Amino acid sequence: MTTVPGPPPLDLAFRGAMRRLASGVAIVATSDGEGRPRGIAMTAFMSLSMEPPSLLLAVNRSASLCEPLVARGRFSVNIMAWEDAAACHAFVFAPADERFSAIGWERDEGGLPIIPSAVANILCHIDQAEPFGSHMIIRGVVEKVVLGESRAPLAYVDGRYGRISFDG
Ligand SMILES: Cc1cc2nc3c(=O)[nH]c(=O)nc-3n(C[C@H](O)[C@H](O)[C@H](O)COP(=O)(O)O)c2cc1C
């Protein structure tokens, strides 16, 4: 007797669908209670509103960034350039203490880590942080924006880094 495979379970199907979504990649950064920079690579960020300028993040509650981010209440979203894909990947797997040696960074007046080679830096304070399932949903109000050099932004789709090209 042959068994006909059924549809994949919902979580696998959902994961497969989201792999097909092309996203920009940012290093979201803050500093912890001892002033150490903390950051992870993220695709789960989006513009929320222009009045006031604001954005949303979804941070895994088990990620090293989550606790210091909520405690500090301020963060930077550094939208990364394609050339910096390797450095960006260090913010996925390298030990938290070693990540910032992979890329040039500096602090703003308030001590927040920012990455000058990013295509844009968006500095925010937290307006609301609410847990949902495995993640913390962060609503951030934009304080300051720095537009970097006009370079190809880093994209991520189907588990791979790349850059977007347009026909015509
Ligand atoms: C392309 C890419 C995008 C990611 N996006 C997110 C994200 O939006 N939110 C999140 O919590 N983790 C995201 N991660 C995972 C984090 O970068 C990180 O690996 C994870 O939080 C574990 O970090 P930790 O070792 O600092 O705890 C992403 C990973 C990759 C490769």
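Colleague: What makes S2 and S6 a pair in this model?

Modeller: Keep in mind that the model is predicted. Two strands count as paired with at least two bridges between them, and S2 and S6 have four, running in the antiparallel sense.

Colleague: Why is S6 called mostly covered?

Modeller: A residue is buried when its relative accessible area is under 20%. Five of the six residues in S6 are buried, so the strand is mostly covered.

Colleague: What makes the largest nonpolar core a core?

Modeller: Its members are buried nonpolar residues joined through side-chain atoms within 4.5 Å. There are 18 of them, and those with the most contacts inside include Val28, Leu57, Phe75 and Val77. Among the elements giving two or more residues are strand S2 (26–31), helix H2 (66–72) and strand S6 (74–79).

Colleague: Which residues does leucine 57 touch?

Modeller: Leaving out residues up to four places away in sequence, leucine 57 touches, among others, Val28, Met42, Leu69, Phe75, Val77 and Ile138.

Colleague: What covers the buried residues of H3?

Modeller: The cover includes S2, S3 and strand S12 (160–162). The buried residues of H3 are Ala85, Ala87, Cys88, Ala90 and Phe91.

Key: Residues are numbered from 1 along each chain as its sequence is written. This is a predicted model: local features need pLDDT of at least 70, side-chain atom pairs count only at pLDDT 80 or more; totals for chains, interfaces and linings use all residues. Side-chain values use heavy atoms; hydrogens and water are left out. Buried means under 20% relative accessible area, exposed over 50%, partly exposed in between (1.4 Å probe, protein chains only). Contact means heavy atoms within 4.5 Å.
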